[in-house]
Amino acid sequence: MSLSEDVGRIAEAAAQYAAHGEELAAVVPVEPASGERVYLCAFTQADGTQSWLGLDDRGAPLKNRTLIRDAASIAALVEIAEESAAVPTGDEPRLASPAYLDSLGAVANGNVAGALQSALPAIDELTRDLELNYKLELE
């Protein structure tokens, strides 16, 4: 199954967790460790309020705080690295992972490291926001 098909399958599973007036805004596939897939699902309400839920590869909700924080951090680092390296992202989903992050660093000839370093406070803020607005109680 392709990554696009996986994301579509997870989007269908995630839709059942949308609260009244809320819609699924994004599904971000992340591999925080080799062979461990997390799908970070962002939900938005009409007023812009956002909530989050992490699903595993079967579409089951995740509650492990460390796993969710790691996935969110890697997803944010990859997005910043892609912007710094001017990598065209297109419409196809990409798997955010440490290996992909390393490949972006290699392509950008060192430009990525500075961007990532300066973005650390924003990444911390994102992970805090995700924890505060997570749909389930994290353990």
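1. A crossing of two helices is called left-handed if the near helix is turned anticlockwise from the far one by less than a right angle, and right-handed if clockwise. In this sense α2 passes α3 in a left-handed crossing, where helices (H or I, at least four residues) and strands (E, at least two) are DSSP runs numbered from the N terminus.

2. This is a predicted model, in which local features need pLDDT of at least 70 and side-chain atom pairs count only at pLDDT 80 or more, while totals for chains, interfaces and linings use all residues. Residues are numbered from 1 along each chain as its sequence is written, and side-chain values use heavy atoms, with hydrogens and water left out.

3. Helix α2, residues 65-84, packs with helix α3, residues 98-107, at an angle of about 20 degrees, and their axes are 10 Å apart; axes are lines fitted to C-alpha atoms, for helices over the stretch in contact, and angles run from 0 to 180 degrees between N-to-C directions. That angle makes α2 roughly parallel to α3, given that angles under 35 degrees count as roughly parallel, over 145 as roughly antiparallel, 65 to 115 as roughly perpendicular and the rest as oblique. On the α2 side the contact (heavy atoms within 4.5 Å) is made by I74, L77, V78, A81 and E82, and on the α3 side by P98, Y100, L101 and L104. By class, these residues are eight nonpolar, no polar and one charged, where Ala, Val, Leu, Ile, Met, Phe, Trp, Tyr, Cys and Pro count as nonpolar, Asp, Glu, Lys and Arg as charged, and the others, Gly among them, as polar.

4. The packing of α2 with α4 is at an angle of about 140 degrees, with the axes 8 Å apart, and the two helices are therefore oblique to each other. Their crossing is right-handed. From α2 the contact includes R65, I68, R69 and A72, which meet residues of α4, among them N111, V112, A115 and L116. The residues of this contact divide into 13 nonpolar, four polar and four charged.

5. The largest nonpolar core has 39 residues, and L40 and Y134 have the most contacts inside it; such a core is a set of buried Ala, Val, Leu, Ile, Met, Phe, Trp, Tyr and Cys residues joined through side-chain atoms within 4.5 Å. At least two residues of this core come from each of α1 (3-15), β1 (22-33), β2 (36-45), β3 (50-55), α2, α3 and α4 (111-132), and α2 gives the most, with 11 residues. Leaving aside residues up to four places away in sequence, Y134 touches W52, L53, G54, L62 and I68.

6. Buried means under 20% relative accessible area, exposed over 50%, and partly exposed in between (1.4 Å probe, protein chains only). A19 and T44 are 25 residues apart in sequence and 9.4 Å apart in space, C-alpha to C-alpha, and for H20 and Q45 the separation is 25 residues in sequence and 8.7 Å in space, C-alpha to C-alpha.

7. G48, in the loop between β2 and β3, counts as exposed at 51% relative accessibility, and G48 is 35 residues from E83 in sequence and 24 Å from E83 in space, C-alpha to C-alpha. R58, in the loop between β3 and α2, is exposed with a relative accessible area of 69%.
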